Amino acid sequence: MESGALEKGKDITVTNGANTQSVTPTSDETFTVGDIRTKLKDVLNIAPNAIATINGEEVDDTRLLSPGDNLQFIKRSGSKG
Amino acid sequence: MIKVIGLGGIGSHLISPLCRYLDASSEEKPHLVFIDGDSYEARNADRQEFLDVGNKAEISAERMKRDFPGLQVEAKPQYVTEENIFFLINDGETVFLAVDNHATRKIVSAHCQTLTDIVLISGGNEFLDGNVQIYIREKGCDLTPPITYLHPEIANPEDKNPAEMSCEELARSGVAQLIVTNLAASVHMLSAYWMVTRFLSGKGKLIYSDQDFDLATGNTMAQLRKQASPNK
């Protein structure tokens, strides 16, 4: 897994709040949403219970990711003001 | 009519540029109503904008009336509750929601979903990050999802409405915040308002409904969310 767009269009884009990271699977690698949540939890500060969406649709942690997917973890709204 | 709910860390910084913008750009001077049951205290001076201690809505309204005498500014010195929301927010209004608890956000969101035309711009922050959510309902149809969509922390809030809290609970409820983060949230709310007014007047597109920012990384992310089964 590397950050940055090594193969444009083939990356999986992962977002949590304002922050984004790209994941470039090798030809024999597959990732589920849960795999990405675990791998990037510290880098992107992903909450364990954050809702995940792929291309705008809510998905669970077993969902297999495809190259080009836009995986977004929904960060909790700021509570203070 | 424009309602500003919450005149604390975000709201107290939001109102001056909002009033300046409205004063300069509107042919008809809009009517603004500030709503907050809390009071400014000396300890708020580290990150909130006010000239005197006292009820936040009343003190803020006095400040804006002084600075922008052409605007109509009114104060409602009360917290928003399930009982008074029907009197405080009405069809056709724009609501800036800058409160410090999800319980109030839920009440406002639920009421806005019953109206025919409403613009709700909600902002909140933690210590270094925050977000803005835009809910637009036009002619009885949602153009963007409600602020509870994908946000269970608002749909099922763990915190309390300040109207239901004791004095001791209110005193304990404050957590460390940074004025810079409050300012960032207020600026993003104003940017959202500018974008929405252009969209609703046919001069621009609705670019985004949700915006996150993170001062720790300097990143901002805006996106237009769609709900699978929008409320009609």
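Helices (H or I, at least four residues) and strands (E, at least two) are DSSP runs, numbered from the N terminus. This is a predicted model, in which local features need pLDDT of at least 70 and side-chain atom pairs count only at pLDDT 80 or more, while totals for chains, interfaces and linings use all residues. Residues are numbered from 1 along each chain as its sequence is written, chains are lettered from A and ligands numbered from 1 in the order in which they are written, and side-chain values use heavy atoms, with hydrogens and water left out.

Gly204(B) is partly exposed, at a relative accessible area of 27%. On this scale, buried means under 20% relative accessible area, exposed means over 50%, and partly exposed lies in between (1.4 Å probe, protein chains only). Not counting residues up to four places away in sequence, Gly204(B) touches Arg198(B) and Phe199(B); contact here means heavy atoms within 4.5 Å. Ser201(B) belongs to the loop between H7 and E10 of chain B, and is partly exposed with a relative accessible area of 44%.

Here are some C-alpha to C-alpha distances for residues discussed in this report.

| Residue pair | Separation in sequence | C-alpha to C-alpha distance |
|---|---|---|
| Gly204(B) and Leu190(B) | 14 residues | 16 Å |
| Ser201(B) and Gly92(B) | 109 residues | 14 Å |
| Asn219(B) and Asp129(B) | 90 residues | 9.6 Å |

**Chain B as a whole**

Stepping back, chain B contains 7 helices and 11 strands. Its radius of gyration is 17 Å, close to the 17 Å that the globule rule gives for 232 residues, so chain B is as compact as a globular protein of that length. That radius is taken over C-alpha atoms, and the rule is 2.2 Å times the number of residues to the power 0.38. The C-alpha trace of chain B spans about 45 × 40 × 40 Å along its principal axes.

Of the 232 residues in chain B, 51% are buried. Among its contacts between residues at least 6 apart in sequence, 64% join residues at least 24 apart. The accessible surface of chain B is about 10,500 Å², and 52% of that belongs to carbon and sulfur atoms. Accessible areas come from the Shrake-Rupley method with a 1.4 Å probe; for residues, only the protein chains shown count as cover.

**An enclosed helix**

How many of the 11 residues of helix H4 of chain B are buried? The count is 9, so this helix (residues 102-112) is largely enclosed by the rest of the structure. Among the buried residues of H4(B) are His102(B), Arg105(B), His111(B) and Cys112(B). The buried residues of H4(B) pack against several elements of chain B, including strand E1 (2-5), strand E7 (118-125) and helix H5 (152-155).

Chain A has 1 helix and 5 strands, arranged along the sequence as β-β-α-β-β-β. Buried residues account for 47% of the 81 residues in chain A. Of the contacts in chain A between residues at least 6 apart in sequence, 48% join residues at least 24 apart. Chain A exposes about 4,300 Å², with carbon and sulfur atoms supplying 44% of it.

Asn55(A) is in the loop between strand E3 (52-54) and strand E4 (57-59) of chain A. Its phi is positive, at about 50°, although Asn55(A) is not a glycine. Most residues other than glycine have a negative phi.

**Where the chains meet**

In the interface, 34 residues of chain B are in contact with 18 residues of chain A. The area buried between the two chains is about 2,000 Å², and carbon and sulfur atoms give 48% of it; buried area is the accessible area (1.4 Å probe) that two parts lose on being put together, summed over both. Which residues of chain B lose the most area to chain A? They are Leu150(B), Glu153(B) and Met221(B), together 25% of what that side buries.

Leu150(B) lies in the loop between strand E9 (141-142) and H5 of chain B. This residue is buried, with a relative accessible area of 7%, and has a positive phi near 65°.

Asn219(B) lies in strand E11 (residues 219-223) of chain B and is partly exposed at 32% relative accessibility. Leaving aside neighbours within four places in sequence, Asn219(B) is in contact with Ala18(A) and Asn19(A), and also with Asp212(B), Phe213(B) and Asp214(B).
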